[in-house]
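We will go from stop to stop, selecting a few elements at a time.

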Amino acid sequence: MILINTIKQAKKVLDSFRINNKTIGFVPTMGALHQGHIALIKTCKKTTDICICSIFINPTQFNNKTDFEKYPVTIEQDIDLLEAAGCDILFLPTVKEMYPANSPKWHYQLGYVEKILEGKYRPGHFQGVCQIVDKLLSIVMPHILFIGQKDYQQCMVIKKLVQIKQYDVHIEIVPTIRQKNGLALSSRNMRLTLAEKKNATNIHKTLLYVKQHLKPGNIKELKKSATLLLNTKGFKTDYVEIADAATLKPINKWDGKKPLVALIAAYLHEVRLIDNMLLTPGA
Ligand code: AMP
């Protein structure tokens with residue numbers, strides 16, 4: 001695996017592959033890698049000639065200082081995992097490299113999608129995500145960008161960014177990788193105790209509860225009972241939402257046909273966890 005720290009070198013190496021008509025797949029991450037990230041790398045490896053992964057803990061997307069400071073860093077283990085998965089290039093820039101002094105910070109007209117759910121509870125988060133993804137896409141210029149369904153709303157935001165900036169890139173969304181007990185893999189799980197990890201499976205259980213109890217008609221009560229379920233297990237729930245899977249508009253009366261997604265964000269002590277599940281009619 002080629003390890004690259006500078007934008008200049010990244011462009012040079014990637015250009016050499018492009019000149020030779022190699023397709024480039026890109027997996028942006030913040031490190032502390034787990035098998036969820038590796039699923040993206042493996043999908044990338046199957047689809048494109050060259051797989052490049054980036055590890056960069058992007059300061060501008062953290063609205064909570066503690067969350068940023070406590071974000072796990074396991075770089076040596078990450079490198080081992082990436083090498084074992086066959087990743088070709090690791091781009092590992094510094095904050096100075098990505099945000100040089102006095103560099104302009106763009107504002108993106110993301111509209112409705114950045115105001116709701118994660119956007120409501122983490123103001124400015126998606127602007128930060130767009131700042132870094134925009135920079136990374138302009139450097140890597142991949143043919144295919146691989147992102148995880150685990151961050152459902154982020155997928156929609158990135159699609160919007162690609163549309164606004166007219167990037168010529170295909171987006172592939174990879175399904176969420178879970179532990180056998182249902183807990184979605186997340187770098188933040190590293191901050192949970194063993195008992196908390198066990199308790200955290202209640203997020204997935206609640207999503208299943210929503211899926212099992214979903215019926216056409218008024219679904220407001222279902223959201224309320226799902227929230228209560230989490231709160232009684234010791235979570236501080238930011239939201240349990242059932243939304244239109246295509247637009248993320250909250251749905252309170254369901255026609256029994258429209259594809260829906262259930263989304264949860266909840267704290268276990270100071271660790272904020274998110275998860276989601278598609279609620280396809282008839283599934
Ligand atoms: P992060 O390092 O948390 O910024 O995540 C980097 C990429 O990995 C994002 O596209 C995430 O959606 C994706 N990802 C994170 N957790 C999982 C998971 N459990 N399964 C699949 N993809 C994931």
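Start with the open sheet of six strands, ordered β1-β4-β3-β2-β5-β6 and paired in parallel. Helices here are DSSP runs of H or I with at least four residues, strands are runs of E with at least two, and both are numbered from the N terminus. Two strands pair if DSSP finds at least two bridges between them. Before you go further, note that this is a predicted model: local features need pLDDT of at least 70, side-chain atom pairs count only at pLDDT 80 or more, and totals for chains, interfaces and linings use all residues. Residues are numbered from 1 along each chain as its sequence is written, and side-chain values use heavy atoms, with hydrogens and water left out.

Colour the edge strands next: β1 (2-4) and β6 (170-174) each pair on one side only. On average, neighbouring strands of this sheet are turned by 25° against each other, direction ignored. Axes are lines fitted to C-alpha atoms, for helices over the stretch in contact, and angles run from 0 to 180 degrees between N-to-C directions.

Now zoom in on β3 (residues 50-55) and β4 (residues 89-91), parallel strands joined by three bridges. Select Ser 54, and you will find Phe 91 as its bridge partner in β4.

For the next stop, select helices α1 (residues 7-19) and α7 (residues 125-140), which pack at an angle of about 45° with their axes 8 Å apart. The two are therefore oblique to each other, the class left after under 35 degrees (roughly parallel), over 145 (roughly antiparallel) and 65 to 115 (roughly perpendicular). Show side chains for Ile 7, Ala 10, Lys 11, Leu 14 and Arg 18 of α1, and for Ser 138, Ile 139 and Val 140 of α7, to see the contact.

Move on to the open sheet of three strands, in the order β8-β10-β11 with antiparallel pairing. Its edge strands are β8 (236-244) and β11, each pairing on one side only. From one strand to the next, the twist averages 10°. β8 and β10 (residues 260-268) pair over eight bridges, and Lys 236 stands opposite Tyr 267 in β10. Helix α9 packs on this sheet, touching β8, β10 and β11, and its direction makes about 30° with that of β11.

Which elements each supply at least two residues of the lining of the largest cavity? They are α9 (194-213) and β11 (271-279). A cavity is a set of points on a 1 Å grid over the protein atoms alone where a 1.4 Å probe fits but cannot get out, and lining residues have an atom within 4 Å of a point. To finish, select some of the lining, including Lys 150, Ser 186, His 204 and Asp 275.

Terms used: 1 Å grid on protein atoms, 1.4 Å probe; cavity = no way out; pocket = protein on both sides within 12 Å on 5 of 7 lines; lining within 4 Å. Contact = heavy atoms within 4.5 Å.
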